[in-house]
Amino acid sequence: MSKNEVNIGLIGFGTIGAGVVEIFNKNQEILSKKCGKPVNLKKVADLDIESDRGVKIDQSILTTDVNDVLENDDIDIVIELVGGYEPAKTFVLKAMENGKHVVSANKALIAKHWKELIDVADKNNVRFSFEASVGGGIPVLQPLNECLSANRFEGIYGIMNGTANYILTKMSEEGSKFEDVLKEAQKMGYAEADPTFDIEGHDTAQKLIVLTKLGFGEYVPQEKFHVEGITKITPEDIEFAKNELKYSAKLLGIAKQTEEGLEIRVHPTFIPEDHLLASVNDVFNAIYLIGDFVGPVMLYGQGAGRMATASAVVGDCLDIVFNENKRISYGPVDSQVKSIKRMGDVVSKYYLSINTLDEPGVLETITGILNKNEISVESINQKTSESNEVKIIIVTHEANEENIQKAIEKIDELQEVKEKSNLIRILE
Ligand code: HSE
């Protein structure tokens with residue numbers, strides 16, 4: 001890095017890219033003061049340099065040729081905000097091979113190509129920083145990897161998708177329809193280009209992969225764990241859980257150490273309303289960690305959106321300037337997944353919502369099936385409607401996932417049960 005100034009090249013002038021430009025517009029003087037030398041946004045590359053992004057930008061720094069950044073000897077740090085796998089990966093690798101430090105918010109890329117990216121950064125002796133990839137504006141990766149590194153982690157629990165949390169919050173507070181809130185989240189720039197990544201849990205899974213590597217030293221690819229989104233959860237489930245059971249619905253990423261190996265999973269979860277995580281609403285995210293020495297720590301803030309995420313991106317750039325030669329260790333890059341607990345062996349409490357015909361004996365049949373599968377019932381509620389249908393809501397004591405899945409399959413085969421039952425895991 002030049003002794004007299006720091007030059008940054010940005011690839012990807014989308015939502016977050018425009019946020020980075022805005023930070024430079026407003027705070028360049030402060031950034032330069034902190035670094036003790038001018039910090040410049042030297043080039044911004046994107047295929048579209050015509051559309052208005054709602055930020056002022058010096059037209060002369062805009063380019064449609066990515067090599068104006070990658071091959072530019074003046075540029076010290078490359079920010080990759082293209083997203084997705086290709087051409088983002090090619091750009092990141094080329095920047096590193098050209099001796100440039102790289103900052104990225106691309107969780108999909110990092111979660112999938114962890115080993116290669118870290119290897120190439122190490123080989124080229126450059127920094128690769130990606131704080132913005134998990135939890136948007138929340139500082140979580142550096143605290144986890146450095147400040148808390150004295151600990152062995154018992155568990156990491158994260159609400160890590162702003163879009164999903166926004167949807168669940170609005171459904172709970174305003175009884176809004178899933179589709180309407182999703183549209184709002186897209187308008188606000190929270191959602192991924194393909195919002196199924198948000199609502200089907202993939203975005204949370206990618207972030208959990210990064211946290212799991214840093215917290216437990218294990219790289220677990222997404223196909224090795226259970227990932228379930230929020231599309232099946234109904235407004236009735238949310239309302240009932242809130243009013244009658246005092247639970248809050250969250251899309252949770254969970255990684256915890258157990259005797260049977262590392263447990264890792266993503267799914268909608270009911271959380272008791274007095275748990276800290278239950279108070280994390282709207283686009284906010286939180287990562288709740290339990291370390292053996294530090295105890296519980298919760299990191300909380302805006303997990304999505306232009307400015308919060310851009311804040312983490314620019315923070316990474318400054319960290320590189322402050323500590324250019326700092327050696328960051330993410331632990332051994334091990335491609336062998338060690339002992340991952342089977343989803344069927346996970347133990348949890350469950351919420352079951354079953355729509356059935358209101359006929360004599362059906363409740364007894366259902367509890368009989370649960371009993372046969374060693375599932376003990378904590379509470380049963382029944383809501384009759386005007387038609388001949390009834391919604392039965394059962395909360396179980398802790399049970400084994402394989403057993404509950406077997407039971408649900410049998411329940412759904414009953415001729416009185418007309419639609420697929422809904423199962424939501426409960427965090428105690
Ligand atoms: N789509 C993501 C979210 C953005 O909603 O949280 C941050 O990764």
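This is a predicted model: local features need pLDDT of at least 70, side-chain atom pairs count only at pLDDT 80 or more; totals for chains, interfaces and linings use all residues.
Leaving aside neighbours within four places in sequence, valine 134 is in contact (heavy atoms within 4.5 Å) with Val140, Leu141, Met160, Lys207, Val210 and Leu211. Residues are numbered from 1 along each chain as its sequence is written, and side-chain values use heavy atoms, with hydrogens and water left out.

Valine 134 sits in the loop between β6 (128-129) and α6 (141-147); helices (H or I, at least four residues) and strands (E, at least two) are DSSP runs, numbered from the N terminus. Is valine 134 buried or exposed? Valine 134 counts as buried because its relative accessibility is 0%, where buried means under 20% relative accessible area, exposed over 50%, and partly exposed in between, with a 1.4 Å probe and protein chains only. Asparagine 285 is 151 residues away from valine 134 along the chain, yet their C-alpha atoms are separated by 9.5 Å.

Lys207, one of the contacts of valine 134, also belongs to the surroundings of the ligand. The residues around the ligand, meaning those with a heavy atom within 4 Å of it, are Lys107, Asn161, Gly162, Thr163, Tyr190, Ala191, Glu192, Asp198, Asp203, Lys207, Gly303 and Ala304. Polar contacts, defined as pairs of N or O atoms within 3.5 Å, can be followed in some detail here. In the side chain of lysine 107, an N or O atom is 2.6 Å from an oxygen atom of the ligand. Glycine 162 takes part through its backbone, with a polar atom 2.6 Å from a ligand oxygen. For threonine 163, an N or O atom of the side chain is 2.7 Å from an oxygen atom of the ligand. The protein covers 93% of the 250 Å² of accessible area that the ligand has on its own, by the Shrake-Rupley method with a 1.4 Å probe.

Phenylalanine 284 is found in strand β11 and counts as partly exposed because its relative accessibility is 27%. Alanine 249, 35 residues from phenylalanine 284 in sequence, is 14 Å from it in space, C-alpha to C-alpha.

Most residues other than glycine have a negative phi, and most peptide bonds are trans. Aspartate 282, in the loop between β10 (261-272) and β11 (284-291), has a positive phi of about 55° although it is not a glycine. With a relative accessible area of 25%, aspartate 282 is partly exposed. Glutamate 374 likewise has a positive phi, near 60°, and lies in the loop between α13 (362-372) and β14 (377-384). Because its relative accessibility is 66%, glutamate 374 counts as exposed.

The peptide bond from glutamate 86 to proline 87 is cis, with omega near 10°. Proline 87 lies in the loop between β4 (77-80) and α3 (88-97). Seven of the 10 residues of α3 are buried, so this helix is largely enclosed by the rest of the structure. The buried residues are Ala88, Lys89, Phe91, Val92, Leu93, Ala95 and Met96. Glycine 99, whose phi is positive and near 80°, follows α3.

The structure holds zero disulfides, a disulfide being a pair of cysteine sulfur atoms within 2.5 Å. For cysteine 147, the nearest cysteine sulfur is that of cysteine 317, 19 Å away. Cysteine 147 counts as exposed because its relative accessibility is 63%. Cysteine 317 is in no disulfide either, and its nearest cysteine sulfur, that of cysteine 35, is 9.4 Å away. At 1% relative accessibility, cysteine 317 counts as buried.

UniProt places "domain: ACT" at residues 351-425, a span that is 32% helix and 39% strand, with end C-alpha atoms 6 Å apart. The annotation "coiled-coil region" covers residues 397-424, where the chain is 46% helix and 18% strand and the end C-alpha atoms are 13 Å apart.

Technical notes:
UniProt positions are given in the numbering used here, feature names are shortened, and annotations may be inferred rather than shown by experiment. A polar contact is a pair of N or O atoms within 3.5 Å; within protein, one must be able to donate a hydrogen and the other to accept it, and residues adjacent in sequence count only if both atoms are side-chain atoms.
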